[in-house]
Amino acid sequence: MKTIFKSLFAITVLSLVFSSCGNGGSDKKSGALSSSAAEKVYVAPGEHDEFYAFVSGGFSGQLAVYGLPSGRLFKVIPVFSVDAEKAYGFNEETKPMLNTSHGFIPWDDSHHPDISQTAGELDGRWVFINGNNTPRIAKIDLTTFETTEIIEIPNSAGNHSSSFVTENTEYVVAGTRFSVPYPQKDMPIAEYKGNFKGALTFISVDPEDGGMDIKFQIMMPGFNYDLSHPGRGKSHGWFFFTTYNTEEANSLLEVNASQNDKDFIAAINWKKIEEYVNNGGGTKAPTNYAHNVYDEHTHTATSTMKDEILIVNPSDVPGAIYFLPTPKSPHGCDVDPSGEYIIGSGKLAAELTAHSFTKMLAAIEGEKFDGEAYGIPILQYEEILAGAVKQPGLGPLHTEFDGKGNAYTTFFISSEVVKWKLGTWEVIDRKPTYYSVGHLMIPGGNSRKPFGKYVLAMNKITKDRYLPTGPEVTQSAQLYDITGEKMELLLDFPTIGEPHYAAGIPADIIKANSKKFFKLEENKHKYVTKSEADAKVVRDGNEVHIYMTMIRSHFAPDNIEGIQVGDEVFFHVTNLEQDYDVPHGISMIGAQTSELLIMPGQTETFKWYPKNVGVWPFYCTDFCSALHQEMQGYVRVSPKGSSVPITFTLDGDAVDAE
Ligand code: K7E
Ligand code: CUA
């Protein structure tokens, strides 16, 4: 987004962009903090943070887990991108997680994590996140902190107005940023207008196991659908999506998509559409998308291709979809905890617009329409407007809420967080960010019950804030105390990739459920080895399967002979430990994968193609005990067709393969 905004605003507010990006000097000195700020973020050795923050990795495709208020990084959870540290996408078990209708896609751009809710409050079961580029939604299990499901979104392109949950996690919702031909076909791009479609996808979530399934997809007019949020409380049952490019331009959008004085927020009565669909409504259409599920007991993912989807056209369900005119290419779309106010952040607008849900319903009832777009009624702006925050800053992007009647909005161009009051629309405070802030996050700020103690601002530019690291410098988060009338900057900390959005939650909701290890007796992996006595090596043509175990501080088997150049060697490795925090790793010289990092009770597999005759070592990659350096083994590789039989050593004794 950095690029988009730079070019977008360069036209009109070049000087502001530069002054806001800052270059040290007085701005930097204003960052000097009182010692009380240091105390507020200091988490003593051995103490735990009060909150988890799940911060998206943006172009890293991952999700990083930090503690707040300390800003300490605990884990990077691999989601849409392969991760050599954890073997995600490298071992045979997780490769299916990255399967799509375009084949194996080892990367994506992850933007918006959202934590599951029950009755509008965070329940800490799962966190969902979108992959923008090859449209996908992932689910991370918050007992294991592992990605356990990825569903591809067909008919979508630039899956950006995603992935936000309704207040009982009935649905996780995904909207397309780019409209595309539907169905996809070879056609002139110049014929975009009126012919492309924007798909909004409602993915049901099983309340028991969290299983995702595309329930229906609404084929909207060919606008860009930028961000979205569910209604909550009184507006539960509705979903709101910002749109831009209602001009339906297909070239030089920075000019051509900034023509209309107002674009729209699309208000979708999903309950009404759900009812329609449950009664047999909608049209089944052929499609092709991947649904990938990781099973914690087999420790293995499977990928299933789906070939059908239920399509709903807006005209099929009259009275379910309306357009709320909203000034100037709105980006963020945020709903306050009461569900009454729908905030649209017009990137080019002088004020911040708040629509009233109550007035929206009245306007629908009274048919206060101002024409229509592709058959969808446009409500009269004045009839639905709750109020506007006047001259709040430049380039508003995103808003969060503290649950005490205040809202906090980020301003990309003027690089600040502005606190304002819901209902009176007055600005209460503003604090600079360093620099060019995108999203901000208050733990639970996306639910009916925010925990309004801190706000975390996520910044795009950090020049001069940290030690230089060549042309690429880190992006950054900044933590503010929001317990008082005025915000107080407490902390800067660097982030992984580009942090777009984040989701925060009190640690107490999650930490008691955090899994400590996998039970070996529950391990149903196809190639599990549950004891050293069962370890073996089996040749099947040119495939060799090594059933291996690991425990402090040895592998079984450790020496293996009878492998030949040209074999396809599978290492199926089970960690026999049944204790917290005792992973072992394994790496093999010349293997074209990463190492594997295997948790206690877990089995993982990698393939090795021996190319050269000789005796080749493997070793444990995780310093697991005082004798970690002794945790090693050898594979003897003979020429193709050699008569050396398969043998291996178990517990120091040579064993012949049966
Ligand atoms: Cu504003 Cu992708 Cu939510 Cu980035 S988006 S900032
Ligand atoms: Cu096992 Cu080091």
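Before you click: the model is predicted, so local features need pLDDT of at least 70 and side-chain atom pairs count only at pLDDT 80 or more, while totals for chains, interfaces and linings use all residues. Residues are numbered from 1 along each chain as its sequence is written, chains are lettered from A and ligands numbered from 1 in the order in which they are written, and side-chain values use heavy atoms, with hydrogens and water left out.

**Stop 1: the two domains**

Colour residues 60-513 as domain 1 and 523-654 as domain 2; these bounds come from an automatic or database domain assignment. Their centres, taken over C-alpha atoms, are 44 Å apart. Together the domains bury about 1100 Å², 50% of it on carbon and sulfur atoms. Buried area here is the accessible area (1.4 Å probe) that two parts lose on being put together, summed over both. On the domain 1 side, select Glu 92, Glu 93 and His 299, which lose the most area to domain 2, together 37% of what that side buries.

How many salt bridges cross the interface of domain 1 and domain 2? Zero, by the rule used: a side-chain nitrogen of Lys or Arg within 4 Å of a carboxyl oxygen of Asp or Glu. Seven residue pairs are in polar contact there, both at pLDDT 80 or more. A polar contact is a pair of N or O atoms within 3.5 Å; within protein, one must be able to donate a hydrogen and the other to accept it, and residues adjacent in sequence count only if both atoms are side-chain atoms.

**Stop 2: strand S9**

Select 146-152. Strands are DSSP runs (E, at least two residues), numbered from the N terminus. Six of the seven residues of S9 are buried, so the rest of the structure largely encloses this strand; buried means under 20% relative accessible area (1.4 Å probe, protein chains only).

Ile 140 sits opposite Thr 147. Four residues lie between the strands of this hairpin, where Phe 145 takes a positive phi near 60°. Then show S18 (283-295), also antiparallel to S9, with three bridges; Ile 151 faces His 291.

**Stop 3: Asp 429**

Jump to Asp 429 in strand S30 (427-432). Asp 429 is buried at 7% relative accessible area, and its side chain reaches the backbone nitrogen of Met 487 at 2.7 Å.

Terms used
Buried < 20%, exposed > 50% of the residue type's maximum accessible area, 1.4 Å probe, protein only. Pairing = 2+ DSSP bridges.
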